[in-house]
Amino acid sequence: MFRKFRVRSIVNDIPLNYKFMLIFVIGILLPIFASYYLFMDRMSELIKEREEQNLQISMERARKDIHTMIDGGIAVSHALITDKVLSESIDRGYNGQSEFYNTFDDLLRHRVTSYIPTNNQIQRIGIYTDNPTIVSGGDYYVLNSTMHASNWYKQWKATGESLKVLAYRDQAMNNRAATSSYLSIIEKMDYYYAYRSYQKLVRIDFYLNRFYDVIAREKSSLEMYLVNDKNQIIVSADDKYHGEVDSQYELFDMNKVEDQDIHIVPIGSASYIKGWKLIGVPQETRVKEAMLSMQLYFGMLAGIITLITSIFIYIMLRSYNHRVKRLSRHMQKVGNEKFELINIDGGQDEIGHLITNFNMMTAQIKSLINNVYKLEIQQRSQEAERIRAELNMLQSQMNPHFLFNTLNALLVVSTKNNYVDVKDIIKDLSKLLRRLLNWKDDVVTLEEEMSFTIMYLGIEKFRFRDKFEYDIEITDEARFYKIPKMSIQQLAENACKHGIQAIEGTGSVKIRADIVDKHLRIVVSDNGKGMDKERLKEVQCQIRSQEESGGYNIGMRNVYRRLELYYDNQVKFNLKSKIEEGTEVSFEIPLQLLERQGEEGGMDSGI
């Protein structure tokens, strides 16, 4: 019990920050790094095993391809040796060159070369004989003293075998002054006993680049060497065709690679290829790159995991410290009689509940300290001020542009006409003002709205004289539906003010009202200056904007906003305009949302 208490006391004495750090180091970092090193050790062994398997596969693949090419040449050589017509044609004696040429044309011209197209590793096939009656040329050659002194013949003779694969240096076929490397199959033609009057040989030369391509293909895995029975390097990926520079082939030095894992694979078991082998020296950089790539990958993975866990621990610790410190500061403020709430998201854990309870306690104390009656009077005073401010704002938004425009029209007309026609216009103006003062309802019948609009247009007609005309069309079934007052007059005023006033010819305003598809449709159009596409788009945005915008489009925007508020966004409000052709403003209201004169609301049963 003493030990248990002692351990618990020691743990409780450790600050919480250090506790989190110990949990992070011992519980997260240590397992991550231990797992990383154990995993890396095991993965290194697996990579080495995998690379070893890949090297063996590469060696076997290259050996098989080289063996297949050589076997293809051996098959061609065997086919030529067993060709009875060929043996008989080479072994017989000819009475002059013409007889040989006749036989050549009839039997020998394409007899040898026909095998090359199907064996693309074969560069050339030559038939050699000591028959003096044949003529050297094409694929047939006389074995004279020069031939006996050639490297290929001396090497084949030295082997004492009928069939042999040889690598040697000899005169180049296309340049007798130069030498070149050859890899050839040389076989004696003695298959038929009856045709052994002369010595006959088949020499098949391979394309060395075919063998080089096979070896170079595996260069990414290992350095590969094709070595003959004398341990001479015939083809390798580094120096390509050995013997091209020096007169002798380089010997493969095992001492240079004694510290490396050498792979040696025999080409085949046949006597003609006995001793030939492939030697592969693994690329150390490949294994190192694979190991480095793995270390980088898992190192980054361990780093990312460590970073994520570190960020997580930091967030957890900061969440704890931040909330506890805020709680401690506000408790000190309570001691100083400052009852402020902790304005943070406390969360749903134990600390969050503690913050919530602290806020509730602080609010209750503050409520008890404050005088409830004074607080209530203050709230009522604030509400009254808010209502008064709202009324002032609404009143300040009233735009007296209609009255100002009318007075301006009176001034212009009076000046032009020396006050002669002032009587009629003042009478119409008084009717308009009287109607405005007596219009207490927010909605009026379409007929009343049209009557009011006609009086306004009459004043504009008086103002513009012969330069202005208007046309009103309203169907009987539409005239008794109620709409917000001045919905049409505002649009007509906008057409006069911004549309036809700027043109030189006769201006025209047309107003149409009818029922279309169970909607009341109002259209106000003019033949004014119109707007281009950019200006039209700008006006449409200003009309539908939630922000107040004075000036140019206030009439249309007021109509749009009132219709939107009255009919809950179910009104279709459209604006069309073309430059120098005019502007058309229209809106459609569903009949089911409209009142009708003599009814409380809804669609008239007669429609």
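Me: Helices here are DSSP runs of H or I with at least four residues, strands are runs of E with at least two, and both are numbered from the N terminus. So which element gives the most to the lining of the largest cavity?

Reply: That's α14, with four residues. Keep in mind that this is a predicted model: local features need pLDDT of at least 70 and side-chain atom pairs 80 or more, while totals for chains, interfaces and linings use all residues. Residues are numbered from 1 along each chain as its sequence is written, and side-chain values use heavy atoms, without hydrogens or water.

Me: Why is that space called a cavity?

Reply: Because on a 1 Å grid over the protein atoms alone, a 1.4 Å probe fits at its points but cannot get out. The largest one holds about 190 Å³, the volume being the space filled by probe spheres set on the points, joined across faces, edges and corners. It has 17 lining residues, with Asn494, His498, Asp526, Met556 and Thr583 closest to its centre; lining means an atom within 4 Å of a point.

Me: What makes β1 and β2 a pair?

Reply: Two strands pair if DSSP finds at least two bridges between them. Three bridges join β1 (122-129) to β2, and they run parallel, so they pass.

Me: Why is β2 called an edge strand?

Reply: The open, mixed sheet runs β2-β1-β5-β4-β3, and β2 (140-142) and β3 (163-171) each pair on one side only.

Technical notes:
1 Å grid on protein atoms, 1.4 Å probe; cavity = no way out; pocket = protein on both sides within 12 Å on 5 of 7 lines; lining within 4 Å.
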